[in-house]
Amino acid sequence: MTFDSNNKVTITGSLVTLTGILDYSVADKKITFSSGDIGKTFNYSFPESNKLIISTDQGFSLILTKV
């Protein structure tokens, strides 16, 4: 995932079902990725300055490390 300052995120890889260049928005400890009127919302946290955890209420989590 690569986030830019224009609220766009580029998602690549085979572990996620969302791919491509999407819009994102953040509010109330939730992050929403969207394209048009289709979107998916996740919980997020920053446990360390270089880590981002994106998770669902069902227990799935993805840990991203800034490189």
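Q: In which strand does Asn-43 lie?
A: A strand here is a DSSP run of E with at least two residues, numbered from the N terminus. Asn-43 lies in strand E5. This is a predicted model: local features need pLDDT of at least 70, side-chain atom pairs count only at pLDDT 80 or more, and totals for chains, interfaces and linings use all residues. Residues are numbered from 1 along each chain as its sequence is written, and side-chain values use heavy atoms, with hydrogens and water left out.

Q: Is Asn-43 buried or exposed?
A: Read the relative accessible area: buried is under 20%, exposed is over 50%, and partly exposed is in between, with a 1.4 Å probe and protein chains only. Asn-43 has 17% relative accessibility, so Asn-43 counts as buried.

Q: Which residues is Asn-43 in contact with, leaving aside its neighbours within four places in sequence?
A: Contact means heavy atoms within 4.5 Å. With those neighbours set aside, Asn-43 touches Lys-29, Lys-30, Ile-53, Ile-54, Ser-55, Thr-56 and Asp-57.

Q: What joins the side chains of Asn-43 and Asp-57?
A: A polar contact of 3.0 Å. The term covers a pair of N or O atoms within 3.5 Å; within protein, one must be able to donate a hydrogen and the other to accept it, and residues adjacent in sequence count only if both atoms are side-chain atoms.

Q: Which residue in E6 is the bridge partner of Asn-43?
A: Start with the pairing rule: two strands pair if DSSP finds at least two bridges between them. The partner of Asn-43 in E6 is Ser-55. Strand E5 spans residues 38-45 and strand E6 spans residues 51-55; they pair in the antiparallel sense over three bridges. A hairpin of five residues joins E5 to E6.

Q: Which residue is the bridge partner of Lys-30 in E5?
A: Asn-43 again. E4 and E5 run antiparallel, joined by six bridges. Their hairpin has two residues between the strands, and Gly-36 takes a positive phi near 65 degrees there.

Q: What is the order of the strands in the sheet?
A: Trace the paired neighbours. The order is E1-E2-E3-E4-E5-E6-E7, an open sheet of seven strands with antiparallel pairing. Strand E1 (2-3) and E7 stand at the edges with a single partner strand each, so one side of each is left without a neighbour in the sheet. In a regular strand the side chains alternate between the two faces of the sheet.

Q: How many bridges pair E6 with E7?
A: Five bridges, in the antiparallel sense, with strand E7 at residues 61-65. Five residues lie between E6 and E7 in their hairpin, and Gly-59 in the turn has a positive phi of about 105 degrees.

Q: How many bridges join E3 to E4?
A: Five bridges join strand E3 (residues 20-27) to strand E4 (residues 30-35), running antiparallel. Val-26 has Ile-31 as its bridge partner in E4. Asp-23 stands opposite Ser-34 in E4. Two residues separate E3 and E4 in the hairpin, where Asp-28 has a positive phi of about 55 degrees.

Q: How many salt bridges does the structure hold?
A: Look for a side-chain nitrogen of Lys or Arg within 4 Å of a carboxyl oxygen of Asp or Glu. The structure holds one salt bridge. The side chains of Asp-23 and Lys-8 meet in a salt bridge at 2.6 Å, N to O. This pair links distant parts of the chain: Asp-23 in strand E3 and Lys-8 in strand E2 (residues 8-11), 15 residues apart.

Q: Why does Asp-23 count as partly exposed?
A: Because Asp-23 has 30% relative accessibility. Lys-8, at 34%, also counts as partly exposed.

Note on methods: Helix = DSSP H or I, 4+ residues; strand = E, 2+ residues; numbered from the N terminus.
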